[in-house]
Amino acid sequence: MNIMERFISSWQKYRKPGYYEDFDYAWTMSIDLDRCTGCSACVTACQAENNIPIVGEKELAKGREMHWIRIERYWEGEYPNAKLKFIPMLCQQCDAAPCETVCPVSATYHNQDGLNTQVYNRCIGTRSCAVYCPYEVRYFNYNSHHWDSPLDQQLNPDVSVREKGVMEKCTFCIQRVRQAKDHAKDDGRRRVQEGDIQPACVQTCPSEALVFGDRKDSNSKVAKSLADPRAYHVLDELNTLPSVVYLKKVDSDG
Amino acid sequence: MASSALGLFHDPDSALKAAGDLMHAGFARPELLSPIPVHGADEVLGPKKSVIKRFTFFGGIFGALAGFSLAAGTAVLYLHPTGGRPIITIPPFLIITYEMTILFGILATVLGFLISARLPAIRERLYVPEVAVDKFAVTVVCDTQDNFGRAEAILCAAGAEEVRNLNEDGS
Amino acid sequence: MGNEERQMQFADVNDDVVRSLTETGRSYYIALATAIFVMLACFFFPWFYQLYYGIGAAGMNHPTVWGTYLASFVFWIGLSHSGTLLSCVLHITNSEWRKAMYRSAEAMTLFSLMVAATMVMVHVGRPWFIHWALPYPNQMELWPNFRSPLMFDVMAITTYVTGSLIFIYMGSIPDFAAVRDRTTGWRHHLYVLLSLGWRGTDTEWHRLGWAYTFLAVLIIPLAVSVHSIVSWDFAMSLVPGLHQTIFAPYFVVGAIYSGTAGIVTVMYVLRKYMNFEHFITKLHFDNLGKLLLVLSLIWTYINILELFTGWFSGTSTEYEQLKYKLFGFYAPLYWEMILFCAVAPLLLISKKFRTSFVPMLILSIAINIGMYTERFLIIGATLSRQYLPNAWRVYVPSLVEISILVGSLATFITLFLLFVKIFPSVSIYEVKETMETPKSKKGDTEWQAAH
């Protein structure tokens, strides 16, 4: 009963949550909050690498920020005992992403590398993914942007420039991931090794607070981070299965 | 040429009585034209079968199948995993199925109505404008002049305000 | 009742309705011209400006990406619920008082749905690609994502528009036949086409009765599902304050509530300006008032439930949302909503209030303002305060948004004004059914002598 078996195996395949038996690579980023100084070099690097638009003072005053990674800053206590805490917040590339289900035109989906991809030319701008994201890491292009000269000469040719009405977010520098995978293939079909690929923010962080790698590789630094007792996920209780693990800052007072 | 006798009545009860008398006298089934639906027409003129419910039912079944095929079929055609859900997710697809069931049920009901009421009327049919205002009409086909005479008598006996002799097309 | 009933004959109904169609006064043309002008100036012109400059013309910002456009969309879909849903429910229960006003109520449904569809087009960032949300075969071999609540919306609203259109048309076929006989010119040709050659035979009435009942039975669950699905756009998110199971009943009740208030407004306008005093009477307003009171009580109950679950949940985010809505930046709007939708309708307990026309009009408009505020709060206030405090930001609508809101109302009024001159806005045969059927004149010797 070849047809019957094929039908049953197809049905089981299509009913598996998440569809993928196993990811090719499970890209993970670990952020050590002990090392993070809040310098925002990662924000600048991301802006340079990914052609992030510059929205301008007026638009920013209206609240239309545009940066794919932001440093969240929280004050605790009052002067002279005030403490400052910051945490870089970027797209968590959730395995059970709430934003992916709601796009009516399938402009965002989960790819084979465990990344949450955004397809700019399919997006019609309903902005429901931004509502559904609990981390608020999706940013919408409210206007068309332009870069004053000579900034328009430093745009990255590997990354598209988004027009108005399109949603965008951190992609773990998927252009660099693709490039690393291509090089690995050219080198004789080997896997991408630790250190072959670093997104712009990871590359720039001066205190090496950001670490990037494949958590399927048990020797990678991120795999070790996941096993660290300080490790936690933001908004864990929502069960979004994020791919970004934070290492809690250990303070003198706990 | 076959013609029709048309009797205009002031109220529905007289019209029904006239229709009943015509049927007892052996005429072919008369038609009752009215501005509002007349209760009691079924007892006098014979019960009517409604075929519309079959249309609705099969339309709904077709819609359910079409809805689930649309949702599940298109999900399988271009594999697009989202949100850690399976490709064929049952609760969302059941909603699509439900909506399509109702859509096709509605469309099938309309189709059933048009077919069973024989609308739209392409050719002219027997009609007088008074029946859309406040008169009730009984029409019956009379093939001979004698029959027309008999029909006229029955209609007047039942209380017709006016009896007309019309051709098939209403002239 | 006695005197008025005896004077009103079947022929008068036809006369009145045909007159409402064919005789047009200057005030009608002035109203129509004003509505069209406001529609063009306040809806289309700002929309084209927004198409050129991007959604930035509206007041939305980083976490509050949804604003008045979507609130208006939900509001218009809600307004659409009453007409067809109420008409179907009252038909199934064989209620008499529905018969004079349901035609206009159903028309209200249809036009609200059209305006809601335009609000979707205003809302999306790239409306020139909005056809991608429809399932059609294309060279990219791409289909829309049917797992998305927004796609449920697309399917549900398409079905509801089709169903409403078919329902209002089917009910009007005998009326088109009645007005076809008395009109001339382009109207006559139009009604000849639309009446499909209806003659009024017993077969036709029988079939129409069955088909109409089946349609009513199908449309009731459809209407309930449509607004539930609209609510799931919000309830399926993880936003605290939106992610609640009560949303489906909440929205359906809210829709019927605001829609019934809309019907009261429309009935007042029709009665006053179309000379339908015979058809739309104190009885109708009394019954609509009772319905509004019941719905207001249910709506209040659900709001109290929301307060209770927010407080009882104990989680910081839900409680924070609750405190923000009640005492935060949008608190004046919240209390205004409670005043207009929960407190003011308690006036409907008094029968004197229910049967007075102008107070009912004012209350119905107040209820709709309150319900619009409710939709605005659901979108604007909850998105302002989500999980991460760093991303809390207040949203204030811009001039473009307010203008488009006014323009959408003008669009609705334009469509309705055009409707009253083309469709018979009161159902002729159903009104005749509420009147006494003529009785046999056999006992009348005078009449016998004349015949």
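How many salt bridges does the rule count over all chains? I got 33 salt bridges over all chains, where a salt bridge is a side-chain nitrogen of Lys or Arg within 4 Å of a carboxyl oxygen of Asp or Glu.

**Ground rules**

This is a predicted model, so to speak: local features need pLDDT of at least 70, side-chain atom pairs count only at pLDDT 80 or more, and totals for chains, interfaces and linings use all residues. Residues are numbered from 1 along each chain as its sequence is written, chains are lettered from A and ligands numbered from 1 in the order in which they are written, and side-chain values use heavy atoms, with hydrogens and water left out.

**Salt bridges in chain A**

I began with Glu72(A), which forms a salt bridge with Arg70(A), the closest N and O atoms being 2.7 Å apart. I looked up burial for both (buried means under 20% relative accessible area, exposed over 50%, partly exposed in between, with a 1.4 Å probe and protein chains only). Glu72(A) counts as buried at 1% relative accessibility, and Arg70(A) is buried at 3%.

Next I checked Arg215(A) and Asp95(A), whose side chains meet in a salt bridge at 3.1 Å, N to O. This pair links distant parts of the chain, 120 residues apart: Arg215(A) is in the loop between S8 and helix H8 (221-227), and Asp95(A) is in the loop between S3 and H4 of chain A. Helices (H or I, at least four residues) and strands (E, at least two) are DSSP runs, numbered from the N terminus. Arg215(A) is partly exposed at 26%, while Asp95(A) is buried at 16%.

I also noted a network of salt bridges that links Asp32(A), Asp34(A), Arg35(A) and Arg230(A).

**Strands in chain A**

I followed Arg70(A) into its strand. Strand S2 (residues 70-76) and strand S3 (residues 83-89) of chain A pair in the antiparallel sense over seven bridges; two strands pair if DSSP finds at least two bridges between them. Ile71(A) stands opposite Pro88(A) in S3(A). The hairpin of S2(A) and S3(A) has six residues between the strands, and Gly77(A) takes a positive phi near 80 degrees there.

Then I traced an open sheet of four strands in chain A, in the order S8-S1-S10-S9 with mixed pairing. Strand S8 (210-214) and strand S9 (231-232) stand at the edges with a single partner strand each, so one side of each is left without a neighbour in the sheet. S9(A) pairs with strand S10 (residues 244-247) in the antiparallel sense over two bridges, and Tyr232(A) has Tyr246(A) as its bridge partner in S10(A).

**A buried loop residue**

I stopped at Val137(A), in the loop between helix H5 (128-132) and strand S6 (139-140) of chain A. Val137(A) is buried, with a relative accessible area of 2%. Leaving out residues up to four places away in sequence, Val137(A) touches Arg70(A), Met89(A), Leu90(A), Cys91(A) and Lys169(A); contact means heavy atoms within 4.5 Å.

**Chain C against chain B**

Here 60 residues of chain C are in contact with 67 residues of chain B. The two chains bury about 5,400 Å² between them, 69% of it on carbon and sulfur atoms; buried area is the accessible area (1.4 Å probe) that two parts lose on being put together, summed over both. In chain C, Arg147(C), Arg199(C) and Arg207(C) lose the most area to chain B, together 16% of what that side buries.

I found two salt bridges between chain C and chain B. Asp202(C) forms a salt bridge with Arg29(B), with the closest N and O atoms 3.0 Å apart. The largest share of the side of chain C that touches chain B comes from H8(C), with 18 residues.

**Chain A against chain B**

Which residues of chain A lose the most area to chain B? First the totals: the contact takes 17 residues from chain A and 13 residues from chain B, and the area buried is about 1,300 Å², of which carbon and sulfur atoms give 66%. Tyr14(A), Arg15(A) and Tyr19(A) lose the most in chain A, together 40% of what that side buries.

**Back inside chain C**

Asp16(C) and Arg19(C) meet in a salt bridge through their side chains (2.3 Å, N to O). They are three residues apart in helix H2 of chain C, so about one helical turn separates them. Asp16(C) counts as buried at 11%, whereas Arg19(C) is partly exposed at 34%.
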